[in-house]
Amino acid sequence: MANEQGKDWRLYIKTGANVWTPIGGETSLKWSRSSQEQDQSDKDTGVYGASTYGQQKISFAVAGNLKLPDAGFTAAEVASKASPPEIEVQVKKVGGTAIKYQGRVAIGNFSADFPKDGPATYSMDMANAAAPTVDNLSAVDA
């Protein structure tokens with residue numbers, strides 16, 4: 001069992017029928033799952049109460065150095081301006097076969113930075129727009 005390396009994980013954007021393109025220059029990808037806590041307690045529960053969790057939200061924060069032309073970046077940018085701002089994405093390891101995540105996401109907080117003394121950078125936040133078709137962080141490549 002080996003440690004996973006962050007540099008090996010990439011976000012791919014669907015740019016055509018069965019065509020998945022990574023966004024060039026990616027420097028970081030953060031995958032997050034959250035759900036709202038719901039209070040299930042009532043007057044009979046006593047001092048400890050009861051809780052559960054509601055619907056799940058899966059989100060991604062992607063950042064990198066801007067490299068143009070870039071089909072993956074262009075597809076994400078176009079989708080971020082659409083109504084609704086949605087596109088299909090995959091997460092998998094570079095050269096790997098196991099898809100860790102695939103599904104439709106909404107793109108928000110799309111930004112770029114153009115400093116005087118460094119590379120132009122981009123960042124964007126994505127969240128599931130529907131139930132994913134694949135959601136298997138622990139999937140192992142064959």
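Which strands each supply at least two residues of the lining of the largest pocket? Strand E1 (9-16) and strand E3 (26-39) do. This is a predicted model, where local features need pLDDT of at least 70 and side-chain atom pairs count only at pLDDT 80 or more, while totals for chains, interfaces and linings use all residues. Residues are numbered from 1 along each chain as its sequence is written, and side-chain values use heavy atoms, leaving out hydrogens and water.

**View 1. The largest pocket and its lining.** A pocket here is an open set of points on a 1 Å grid over the protein atoms alone, where a 1.4 Å probe fits, with protein on both sides within 12 Å along at least five of seven lines; lining residues have an atom within 4 Å of a point. The volume comes to about 190 Å³, counted as the space filled by probe spheres set on the points, which are joined across faces, edges and corners. Look for Gly6, Lys7, Trp9, Arg10 and Trp31, which are among the lining residues. E3 gives the largest share, 5 residues. Strands (E, at least two residues) and helices (H or I, at least four) are DSSP runs, numbered from the N terminus.

**View 2. The second largest pocket.** This one holds about 150 Å³ of space. Its lining includes Glu4, Trp9, Lys93, Lys100 and Asp141. By class, you get 4 nonpolar, 1 polar and 4 charged residues. Ala, Val, Leu, Ile, Met, Phe, Trp, Tyr, Cys and Pro count as nonpolar, Asp, Glu, Lys and Arg as charged, and the others, Gly among them, as polar.

**View 3. The largest nonpolar core.** A nonpolar core is a set of buried Ala, Val, Leu, Ile, Met, Phe, Trp, Tyr and Cys residues joined through side-chain atoms within 4.5 Å, and buried means under 20% relative accessible area (1.4 Å probe, protein chains only). This core has 20 residues, and Leu11, Ile13 and Met126 are among those with the most contacts inside it. Helix H1 (71-80) is one of the elements giving two or more residues, and H1 gives the most, with 4. Zoom in on Ile13: leaving aside residues up to four places away in sequence, Ile13 touches Val19, Ile87 and Met126, among others. Contact means heavy atoms within 4.5 Å.

**View 4. Strand E7 and its partners.** E4 and E7 run antiparallel, joined by 7 bridges, and Val62 sits opposite Met124 in E7. E6 also pairs with E7 in the antiparallel sense, over 7 bridges, with Val105 opposite Asn128. Two strands pair if DSSP finds at least two bridges between them.

Key: Buried < 20%, exposed > 50% of the residue type's maximum accessible area, 1.4 Å probe, protein only.
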